[in-house]
Amino acid sequence: MKFKKIAALAATAVLTVGIFAGCGGASQQTSSSNSSSKKKVIGFAQVGAESGWRTAETSSIKEIPKLDPNFELKFSDGQQKQENQIKAIRSFIAEKVDIIALDPVVETGWDTVLKEAKNAKIPVVIVDRNVKVADNSLVTAFLGSDMEEEGKRAAKVVIDKFGKDAKLNIAELQGTVGSTAMIGRQKGFNETIKDCPNYKIIKSQTGDFTRAKGKEVMEAFLKSDGDKINVLWSHNDDMAVGAIQAIEEYGKKPGKDIFIVSVDGIKDMFKLMADGKSNGIVECNPLLGPQLVETSKQVLSGKLKDKIVHTKEGVFTQDQAKKELPNRKY
Ligand code: GYE
């Protein structure tokens, strides 16, 4: 009897998510069920759907009503545009959601809208990428990865392979300019290679975290400096997947002629690693749904344990990638 009730509740929750899942941009999203009146509503303003990592994060967030039927989810896809995310937050405020969860495309430009949320007494939890605001009380909690640490780990993969004294020409594919994932990873990497006098970043450009752009930018890198590049450092896997195609089309062997390291840990990259086409993965865990449930419960009960929660993650070499591949969930 009890089980049936829970199943029915979960089904309602899934249906509600389904309604919102189809809504693009910052379109108005109104609650359609009266059975949900006692549920706590989380309004989630997502970045977009630019990468495998993002798709995995979105699926994990959409699991929330199944993980805990006391929660309802309103989901908005910002299509990589800050203005869409700001509109979505304003809709969430108008709809009087209980918590606003924001995964911000870039770090700055949030002060005004987060002040509006604060005035409406709606707590804001920042997820994955971070924000920079003048008044820290605008943010109740942050949960996500330590991006600077990821950049440091990526640099260590290169140093472990070549040593500090090697002469290396590095090409860098940057993520979305102004995002925490790009700023942190670049800073961590650059700081770590300061100890290596002959490591040179000879190319550096954004590929906006997508496969298509990663391929396009790598093609341009190869065209001008194809024979000089020894290492590709990509701020995410998807851009590296695109770049690997570009390297093959150029007639070189990715993973051999050019050493490759990237961040995320999506299945496609594990496959390429197992095939010897890439050399190092720094993991960034996108499965943030369960953590957001936990943090939301703490926020709503007034018992927040940690204002900042960093996700635990690892690093994989080719051999480890082969072993890990069957276990990958995203
Ligand atoms: O690494 C990339 C995505 O913010 C951690 O965004 C995230 C990054 C992730 O597009 O693939």
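Q: Which residues come nearest to the ligand?
A: Glu50, Arg129, Arg185, Asn236 and Asp264, out of the 13 residues around the ligand; a residue counts as near if one of its heavy atoms lies within 4 Å. This is a predicted model, where local features need pLDDT of at least 70, side-chain atom pairs count only at pLDDT 80 or more, and totals for chains, interfaces and linings use all residues. Residues are numbered from 1 along each chain as its sequence is written, and side-chain values use heavy atoms, with hydrogens and water left out.

Q: How far is the polar side-chain atom of Asp264 from an oxygen atom of the ligand?
A: 2.6 Å.

Q: And how much of the ligand does the protein bury?
A: The protein buries 100% of the 300 Å² that the ligand exposes when taken alone (Shrake-Rupley method, 1.4 Å probe).

Q: OK, back to contacts. What about Asn236 and Asp128?
A: An N or O atom in the Asn236 side chain is 2.8 Å from a ligand oxygen. For the side chain of Asp128, the corresponding distance to an oxygen atom of the ligand is 2.9 Å.

Q: What's the make-up of the shell?
A: Five nonpolar, two polar and six charged residues. Gly counts as polar here, and Asp, Glu, Lys and Arg as charged.

Q: Where does the ligand lie relative to the domains?
A: Between domain 1 (40–144 + 286–311) and domain 2 (147–284), because both give residues to the shell around the ligand. The domain bounds come from an automatic or database assignment.

Terms used:
Polar contact = N/O pair within 3.5 Å; in protein donor to acceptor, adjacent residues only side chain to side chain.
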